[in-house]
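Biologist: I would like to learn how to read ring contacts and a sheet from coordinates. Please take the general idea before each case.

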Amino acid sequence: MKIRMAEQKDIPMMTRLLYQVCDVHAQGRPDLFVSGGRKYTEQELEALLKDDSRPILAAADDDDKMVGYAFCVMQDHRSDTAMTDIITLYLDNLCVDEAHRGEHIGTALYKAVLEYAKERGCYNVTLNVWSCNPSAMRFYEAMGMSTQKICMEQIVGQSPEKDKP
């Protein structure tokens with residue numbers, strides 16, 4: 001297994017993995033996520049592959065087939081008036097194919113994300129993790145991450161799905 005930058009040929013597998021991620025979220029928060037959905041279309045993935053500020057790392061098997069990915073976003077805070085002059089690498093989405101979980105691919109991807117961030121002078125790596133995904137929280141804590149901030153909610157209305165007959 002090797003870690004490389006994602007390529008155009010990886011789009012079908014990225015799409016498959018995006019469905020897997022959405023299904024995990026839909027199981028945990030069906031009021032917010034739709035089972036069978038995904039975050040990006042093929043056209044959006046094509047655009048992301050061309051955007052240097054949105055790197056996508058790919059874990060590939062011996063046949064160079066993608067088995068996992070890490071979608072990232074470079075965030076430059078050096079012009080912010082309320083923050084110190086730092087660059088952050090935001091880990092937007094990390095997924096390993098269900099068939100390959102438990103093979104330490106997620107660990108390899110995460111370590112590659114850290115190395116990518118260091119090589120580009122980033123101060124930190126950040127991410128959001130849904131509280132309905134405790135295995136992801138345990139994974140990131142095991143990787144050395146700690147809580148930076150907490151997003152809270154109070155539901156004040158019905159989910160649109162609950163209104164359907």
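This is a predicted model: local features need pLDDT of at least 70, side-chain atom pairs count only at pLDDT 80 or more; totals for chains, interfaces and linings use all residues.

Biologist: How many aromatic pairs does the structure hold?

Modeller: Rings of Phe, Tyr and Trp (its six-membered ring) pair if their centres lie within 6.5 Å; planes under 30 degrees apart count as stacked, over 60 as edge-to-face and the rest as tilted. The structure holds six such pairs. One of them, Tyr40 with Phe71, is stacked, at 5.4 Å centre to centre and 20° between the planes. This pair links distant parts of the chain, 31 residues apart: Tyr40 is in the loop between helix H1 (11-28) and helix H2 (42-49), and Phe71 is in strand E3 (residues 66-76). Helices (H or I, at least four residues) and strands (E, at least two) are DSSP runs, numbered from the N terminus.

Biologist: Is Tyr40 buried or exposed?

Modeller: Buried means under 20% relative accessible area, exposed over 50%, and partly exposed in between (1.4 Å probe, protein chains only). Tyr40 has 10%, so it is buried, and Phe71 is buried as well, at 3%. Ring pairs also join Tyr40, Tyr69 and Phe71 into a cluster.

Biologist: Why is the pair of Tyr110 and Phe139 edge-to-face?

Modeller: Their planes stand at 85°, with the ring centres 6.5 Å apart, so the pair is edge-to-face. It links Tyr110 in helix H3 (residues 105-119) to Phe139 in helix H4 (residues 134-142), 29 residues apart. Tyr110 is buried at 3% relative accessibility, whereas Phe139 is partly exposed at 22%.

Biologist: In what order do the strands of the open sheet run?

Modeller: Strands of a sheet pair through backbone hydrogen bonds, either parallel or antiparallel. Two strands count as paired if DSSP finds at least two bridges between them. Here five strands form an open sheet in the order E1-E2-E3-E4-E5, with mixed pairing. Strand E1 (2-5) and strand E5 (124-127) each have a single partner strand, so one side of each is left without a neighbour in the sheet.

Biologist: How many bridges join E2 to E3?

Modeller: Five bridges join strand E2 (residues 56-60) to E3, and the two run antiparallel. Ala60 has Met66 in E3 as its bridge partner.

Notes
Residues are numbered from 1 along each chain as its sequence is written. Side-chain values use heavy atoms; hydrogens and water are left out.
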